[in-house]
Amino acid sequence: MIQKNVIKVSNLTKYYGKFKALDNVEIEIPAGRIIGLLGKNGAGKSTFMRCILGFLKHKGEIEILGNPIRRHQESVHENIAFIPDVNSLDDRLTVKQTMDYVSAINSSWNNTKAMELLASSDLKPQQKVANLSKGMKTKLYLLITLSLDVTVLLLDEPTLGLDIVFRKEFFNTILGEFYDENKTIIISTHQVEEVEQILQDIIFIDEGKIILQEDIDELKKQYSIFTVPSDQREKLEQHNPKIISNTLGKVSAVLDSKVEIAEAQVSRPTLSDLFLEMVGGSNEKI
Amino acid sequence: MKKFKALLIKDLQINKKTLMIPLWITAGFYLLILLISAVAYLSGDLNFNFADIQGTPPSESINYIVNIAIMGLPGLISLIFIIILTQGALNENIRNNSELFHRSQPVSIWYQSASRYIVGIAGNWLALFTIAIFNFIVIAIILAVTDKFIFGLAISGMAQSVISFMKTGIIIGSLTFFCSAIFKDKAFLQGLAIIVGVQFLFIILNALMQWHLPLPLNYIIKLINVATPSGMDNELVNENIVYYIREAWMRIVINWNTLLQIGVSGVLFVTATLIYKSREIK
């Protein structure tokens, strides 16, 4: 099936002073997918998202829904909702004032849906955003975002600092209330375990470079975890894995599924395993 | 227009408390006067007699003079609050960590900037005007009791005083708004420090090198300097008060300086918005 791209990026480079935050990024993001943007802290995830929206000056070409983005254009937000850290809501407004403000400036606001979501939450309209807990702020952010009829949703570490319950609830709500096959969600996170089940595609970013963009199921078929007793460590080392992990008298590594190692236990890798294998970690080659 | 209205409402909601402070200060003054009067009355020290006003020259022009004089302090307070609001106009969202939220809305940056500019300046004008109306009513009542109230003279005094401060407010507010586009913290003080610094540098260079560099502070003071209703003294008598008021209108409003002030304010707003627009949002 040929899918139309919602975002097309060519030669995207971004410097902060002399530091190269994005290095010649080339990527095409198809419509109707849930995509995870995974990278270490400082890998360039937030910079990438902010460049896409025109918030940062950059070199290279960006197209969103067919429109070139050179600098920040407010019209882009007619079709794209962006949730950065949930703490970015305006603390000085109340819940109702926030809703009234967003509804008045967004032509795609669905008031019926907003009222439904408000009724199902325990948000009090007259409560100041400053007095909301982080979990409640998340609910408010979700409420105002899900009440907008946009085609692309960009989430930049949206659940940072939230406890596990709210993190799960956040992603379940996004999936249940927002996603359909015409909509695209890009989630930047390093808490990959919670989104692994909902993602369809994955993008690995490291040191400002896109090192992988792949369908998750395909990716998981390509790699397997091979586990052998510690005294057979060399069997793994022969295949040059980036990381060999030690666990209870055994060692394991992510290797190409086609590899054959006698007496090795083979299991399916998680996204974290694949990420560590591709990007490496602090305990690389130990 | 619906979007701009929403922005104005939002900015008013955010700054409501700050905009109300001049009103509360004025209310506090009135309360204090009432309290002092009540205490003096109860202790038998209150010997005020409305008839005392009689014979105080100039008897009719007091309508004009008192309405001007009473707006002095509220006018200065209004200027201070214009500075407070405009110096944070383009930075407050960054400090509040909500810049990304506001910039991620489908609304023009010009609308956003204009809304903050209007609330910072016109919001304070509105507060000043409210105080002026209240003061006018109080003075009208006092003068009416003594049969001295003349509406035309009184309203001229009030209007000229308010307009003078409005004009000073727009230029100071625009300068501070411009500074807020350049400096992210304590914009007014930083802007002032640079202007004063350049002023001293130019004075020294002019003295040492025999140059004639223009002094920025002088231009700004000239621009801010509104021909306030001044020059009144005890010689001002009822016969020439009407002439004086007419002449004051010319000095305060109908002149080239007013046009220059509006023009410079517009240029400062546009420049500030362009700088704000070009900022990266990290």
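Start with chain A, where the domain assignment (bounds taken from an automatic or database assignment) gives domain 1, 5–207, and domain 2, 219–279. Before you click further: this is a predicted model, in which local features need pLDDT of at least 70 and side-chain atom pairs count only at pLDDT 80 or more, while totals for chains, interfaces and linings use all residues. Residues are numbered from 1 along each chain as its sequence is written, and chains are lettered from A and ligands numbered from 1 in the order in which they are written.

**Stop 1: between the domains**

Colour the two domains of chain A separately; their C-alpha centres lie 34 Å apart. The contact takes 8 residues from domain 1 of chain A and 7 from domain 2 of chain A, where contact means C-beta atoms, placed from the backbone, within 7 Å. On the domain 1 side, select α6 (192–195) and β9 (201–206) of chain A, which each supply at least two residues. Those labels are DSSP runs numbered from the N terminus: helices are H or I with at least four residues, strands are E with at least two.

Which element gives the most to this side of domain 1 of chain A? That's β9(A), with 3 residues. By type, this side of domain 1 of chain A divides into 4 nonpolar, no polar and 4 charged residues. Here Ala, Val, Leu, Ile, Met, Phe, Trp, Tyr, Cys and Pro count as nonpolar, Asp, Glu, Lys and Arg as charged, and the others, Gly among them, as polar.

**Stop 2: the sheet**

Stay on β9(A) and bring up the rest of its open sheet: 6 strands of chain A in the order β6-β7-β8-β3-β9-β10, with mixed pairing. (Strands pair if DSSP finds at least two bridges between them.) At the edges sit β6 (80–83) and β10 (209–215) of chain A, each pairing on one side only. From one strand to the next, the twist averages 15°.

Now zoom in on β3 (34–39) and β8 (184–189) of chain A, which run parallel over 5 bridges. Pick Gly36(A): its bridge partner in β8(A) is Ile187(A).

Next, show helix α9 (271–279) of chain A, which packs on the sheet and touches β3, β9 and β10 of chain A. Its direction makes about 35° with that of β9(A); axes are lines fitted to C-alpha atoms, for helices over the stretch in contact, and angles run from 0 to 180 degrees between N-to-C directions.

**Stop 3: over to chain B**

Select the interface: 21 residues of chain B are in contact with 24 residues of chain A. On the chain B side, α1 (2–42) and α5 (99–103) of chain B give two or more residues, and α1(B) gives the most, with 6.

Notes. Contact = placed C-beta atoms within 7 Å.
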